[in-house]
Amino acid sequence: MIALYSCLLPRSCVQKSFNNLQAFPTRNLKTPGSEKSQRAILFPGQGAQYVGMGKDLYLSYPSARRVFEEADETLGMNLSKLIFDGQQKDLMMTQNAQPAILATSIATFKVLESEYGFDIASWCAYALGHSLGEYSALVVTKSLSLHDAFRLVRRRGEAMADAVSQLGVKTAMSALIVREENLPKLRGAINEVCSTLPEGEFVELANLNSKSFQAVISGTSFGVDQASRVLQSKRLAARAVDLPVSAPFHCKLMQPAAENMQAALKGVKFEKPIVDVISNVNASPISSVDDIPSLLVRQVTHTVQWQRSIKYCRERGVNSFILFGPARVLANLLKKDFPLDYIRPFTTVKDILNYSDDLKIIHSNAS
C-alpha cells in the first residue's frame, strides 16, 4: 500500500519533488557519505500498480521478459497480458495486484543486475520493501526464490480478498497528513476512539509512512470515518483522504488472511539474506532465517513501520537510496523528508537510460 497515498501530497510538492529527482546530478558514489554502509534499496507495495507498467522493460530486455514469463508459468495465468494491456479494475484486485507489482519490481532489478552488473551485496547495506515489497526485498537478497514468491503473494492476495468477503461489514482505509511531532500521540488517540465505537466497529493504525506527511488508518468504514473526524478535531491530523482499496489492510480484520499465510509459508525454504532486510513489523534487520515466516505472517495484521525503518537506516549513516518498481511515491516521500539525500527511482526504460552513467559509476566503484 503506497502509490495510493500520493493523493495527500500537494500537486506543487509532487511536481517539485519529481523535478528535483530528474535534475539530480550524477554523483560519484566513492565520495564521502557514499560507501556501502550508507546505501539502501527499496521496493514498493500494493497501490503502486497501473496498467502498462513494465511493458517497456519486457519489450527491451530479455532479463525482464524472463521474469514476466516466470510469473505467467508459475501462476498458470497470463498475468503479463493483464499488467500490460488489461483493465485497471482487474489489475487493482489484490490477488492480481500483488504478483503484478512483484513481477515489475523484480524485472526492473534484473535489468540493472544483468545489463549494468549491479551487485546488491557489493553496493548496499540494507534492503527494504513496503508491505508486499518485503517479498521483493527477500527475492533480490537471495533469501526467497522468485517461484515461491509469486506463489506466496498470489496466495496472500487471495487470502486478503477472502477475508474481506467474510467480514459482512463495509471497510475502509484513510490516509492522514500528520506532522512528526504528532506521531507519538497518534496510536493512543486512535485506541481511544476505538474504545468508544459500537460493537463490531473497529479502527487501527495501519501504516506510518513518513515523518512529515503520511499515516494510514484501517478498519470498518464507520470506525475509520469516526477516527478521521476525531483526529482532525484534535488537530492531530491536518487532512484525511479515503483510499480506493479493496480491503482493510494491516489491521486485525485481516487475521483470517494471516492464518492462511501461516499455512502457506509452512515448508517454504528461506536462506539467510545476503544483505540485511529490514522487517516491516519491527523496523530492524531480520536476525534469523527462522524468523522470516512468522514476520511475514505478522505483517498482514500489524502496522507497517516504514518511517521507523527509514529512520533505522539513516541513524546508521544511510543517505543513498535506489528504488526499483512501479510508481514514485516512495521516492517522493523520501525527497520531501530528506532533500539532500541521493534518491533515484527506477521505474521505466527511460529512467535506466537517463541514469545509466550513475549505474556505471555504481558498478565501477563496487567492483
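Biologist: At what angle do α8 and α13 pack?
Modeller: Helix α8 (residues 133-140) and helix α13 (residues 292-299) pack at about 160 degrees, with axes 11 Å apart. Helices here are DSSP runs of H or I, at least four residues, and strands are runs of E, at least two, numbered from the N terminus. Axes are lines fitted to C-alpha atoms, for helices over the stretch in contact, and angles run from 0 to 180 degrees between N-to-C directions. α8 is therefore roughly antiparallel to α13 (over 145 degrees).

Biologist: Which residues meet there?
Modeller: E134, Y135 and L138 in α8 meet I292, L296 and Q299 in α13; contact means heavy atoms within 4.5 Å.

Biologist: Is this predicted or experimental?
Modeller: This is a predicted model, where local features need pLDDT of at least 70, side-chain atom pairs count only at pLDDT 80 or more, and totals for chains, interfaces and linings use all residues. Residues are numbered from 1 along each chain as its sequence is written, and side-chain values use heavy atoms, leaving out hydrogens and water.

Biologist: New topic: what order do the strands of the open sheet have?
Modeller: The order of the 5 strands is β7-β2-β1-β9-β10, with parallel pairing. Two strands pair if DSSP finds at least two bridges between them. At the edges, β7 (276-277) and β10 (342-346) each pair on one side only.

Biologist: And which helix packs on the sheet?
Modeller: Helix α14 (residues 306-315) does, touching β1, β2 (126-129) and β9. The direction of α14 makes about 170 degrees with that of β2.

Biologist: How many bridges join β1 and β9?
Modeller: β1 (residues 39-43) and β9 (residues 320-324) pair over 4 bridges, in the parallel sense.

Conventions. Parallel < 35°, antiparallel > 145°, perpendicular 65-115°, else oblique.
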